[in-house]
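Please consult the sequence and the structure shown below.

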Amino acid sequence: MEQTLSIIKPDAVKKGVIGKIIDRFESNGLRVAALKKLQLSTKDAKEFYAIHKDRPFFGELVEFMTSGPVVVIVLEGENAVAKNRELMGATDPKEAAKGTIRADFAESIDANAVHGSDSLENANNEIKFFFSKEEIL
């Protein structure tokens with residue numbers, strides 16, 4: 001049983017599709033183990049996305065992720081990391097397969113509705129960034 005982190009980004013929160021996205025996870029065998037809605041500070045966004053700090057889009061990413069509330073979710077299930085990434089679809093919604101979260105809810109490659117951990121190691125680190133052990137049920 002794996003755990004992974006998903007973030008419903010500000011664009012999807014603003015659209016009011018939180019429940020629709022969570023339903024995609026639950027309908028496809030992923031269980032919500034923890035969930036919270038929060039507003040990322042610039043400091044937290046910079047720290048969370050530090051892996052991208054030298055990339056040209058870093059500043060815009062931080063600005064976008066702090067532009068409104070997000071919903072952070074710990075998902076668990078068999079092959080949770082891969083399953084979540086499959087459900088999300090390609091980073092660019094124009095390239096995302098029909099029926100994926102990004103194809104259905106994302107606006108652009110920048111405002112792409114959701115974040116998902118890309119490996120089990122990153123999932124563990126990302127979960128610890130947002131949740132204490134006591135918050136994960």
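Which residue in strand 3 is the bridge partner of S6? The bridge partner of S6 is I73. This is a predicted model, in which local features need pLDDT of at least 70, side-chain atom pairs count only at pLDDT 80 or more, and totals for chains, interfaces and linings use all residues. Residues are numbered from 1 along each chain as its sequence is written, and side-chain values use heavy atoms, with hydrogens and water left out.

- Four strands form an open sheet in the order 2-3-1-4, with antiparallel pairing.
- Strand 2 (31-38) and strand 4 (114-116) are the edge strands, each pairing on one side only.
- On average, neighbouring strands of this sheet are turned by 20 degrees against each other, direction ignored.
- Strands are DSSP runs of E with at least two residues, helices are runs of H or I with at least four, and both are numbered from the N terminus.
- Two strands pair if DSSP finds at least two bridges between them.

**Strand 1 and its partners**
- Strand 1 (residues 2-8) pairs with strand 4 in the antiparallel sense over three bridges, and I8 has V114 in strand 4 as its bridge partner.
- Strand 1 and strand 3 run antiparallel and are joined by seven bridges.
- Five of the seven residues of strand 1 are buried (under 20% relative accessible area, with a 1.4 Å probe and protein chains only).

Key. Axes fitted to C-alpha atoms, helices over the stretch in contact; angles between N-to-C directions. Buried < 20%, exposed > 50% of the residue type's maximum accessible area, 1.4 Å probe, protein only.
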